[in-house]
Amino acid sequence: MASSTAAAPFLAPPLEQLRHLAEELRSLLPRVRVGEAQETAEEFNREMFWRRLNESAVKVSGEATVLTTLFSKLPLPSPQETQRICEQVHMAIEELIAVYYSLPKDQGTTLRKLVRNATLDIVDGMAQLLEVLLTVPSQSTENGDLISCNSVTVACQQVPEIPKDNKAAALLMLTKSVDFVKDAHEEMEQAVEECDPYSGLLSDSEDSSNSHSDEDGALGLPSNRDSYWSEEDQALITPCLALVRASRASLKKIRILVAENGKKDQVAQLDDIVDISDEISPSVDDLVLSIYPPVCHLTVRINSAKLVSVLIKALEITKASHVSPQPGDSWIPLLINAVDHCMNRVKELTQRAAEL
């Protein structure tokens, strides 16, 4: 008969177990990022899915609290107790991921992305918490532990706020895009009004003379040519600002159409509208950044063309979809014409740069 001591498995020290668990959770992240939905013959039960997801998030949040309470002070739990806690954390995370995988693709890629990102935030937050607990286990609950635990809790609390269908998810993403472009538009307008985005860099005194220019150059500060818009630059800014304004107007119109006419069962079309609309904000940012001095006209031309291409594609995809306005409503063709006009003006003003 084997003795009980011989049967007992070797257990790593508590902190080593935490380190191993953190590594395991980190290894799960790539799988979640690229993982496909699990195919099943069962009909999707929306109410059950959201109940399971919420319950899984609550369970993970509870495990984060237990971890913080037990490992942020001495003495540390025993290796056996640590093993039990680590297994519970791992099981809670795996359950959460399994629920995410049960969301079918036909429910919409926009909705799946939101659930996936929420899942990633929770898994990453738990891994961060474990890593923080490894660094200061000998101290009483410090700010770092509390912040890390709180980040897991906050991520878990966001789960009930996730939109429950693809139309609601599409509206959330479109609203974010509208807000991003609104901020970029206002930033650009403010810079134009000030007419000197680097105001205050050259000199503290308002009546600084040209004698300071050599000194400024030696200090590595922008020279006058690098910090102000020339007349040619200012002429080019006008159609660029009009493009950003058209981007903002287009996104607002698209969002309204989706809100008023979007159908929950037209999942693929809503996804297409969101996917192309998501490209507008980064393209606006690129254009806005390129109009700050010193201005490279060729870069402005390229960034304008990129934005126009994305914008027209977004308008055309929207026009061809089920959310499209009545034939009598001609705002989409009007916006496309306005965008084309702005681009032609940018081309005229940057022709010389393009020929160099």
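Begin by selecting Arg 301, which lies in helix H13, spanning residues 297–320. Please bear in mind throughout that this is a predicted model.

Arg 301 is buried, yet it has no salt bridge. The nearest side chain of opposite charge belongs to Glu 355, 7.8 Å away; a salt bridge would require a side-chain nitrogen of Lys or Arg within 4 Å of a carboxyl oxygen of Asp or Glu. Next, display the surroundings of Arg 301. Leaving aside neighbours within four places in sequence, Arg 301 is in contact with Met 343, Val 346, Lys 347, Thr 350, Gln 351 and Ala 354.

Now turn to the aromatic rings. A pair of such rings is described by the distance of the centres and the angle of the planes. Three aromatic pairs are counted in the model. Select Phe 49 and Trp 50: their ring centres are 5.0 Å apart and their planes stand at 80 degrees, so this pair is edge-to-face. Phe 49 is buried, at 3% relative accessibility, and Trp 50 is also buried, with a relative accessible area of 7%.

Proceed to Tyr 100 and Tyr 101, an aromatic pair that is tilted, with 5.5 Å from centre to centre and 35 degrees between the planes. Tyr 100 is buried at 2% relative accessible area, and Tyr 101 counts as buried at 9%.

Ring pairs join Phe 44, Phe 49 and Trp 50 into a cluster. Finally, select Lys 164, whose charged end sits over the ring of Trp 50, 4.8 Å from the ring centre.

Methods
Residues are numbered from 1 along each chain as its sequence is written. This is a predicted model: local features need pLDDT of at least 70, side-chain atom pairs count only at pLDDT 80 or more; totals for chains, interfaces and linings use all residues. Side-chain values use heavy atoms; hydrogens and water are left out. Rings of Phe, Tyr and Trp (its six-membered ring) pair if their centres lie within 6.5 Å; planes under 30 degrees apart count as stacked, over 60 as edge-to-face and the rest as tilted. Buried means under 20% relative accessible area, exposed over 50%, partly exposed in between (1.4 Å probe, protein chains only). A charge sits over a ring if NZ of Lys or CZ of Arg is within 6 Å of the ring centre and within 35 degrees of the ring normal. Helices (H or I, at least four residues) and strands (E, at least two) are DSSP runs, numbered from the N terminus. Lys and Arg count as positive and Asp and Glu as negative; His and the chain ends are not counted. Contact means heavy atoms within 4.5 Å.
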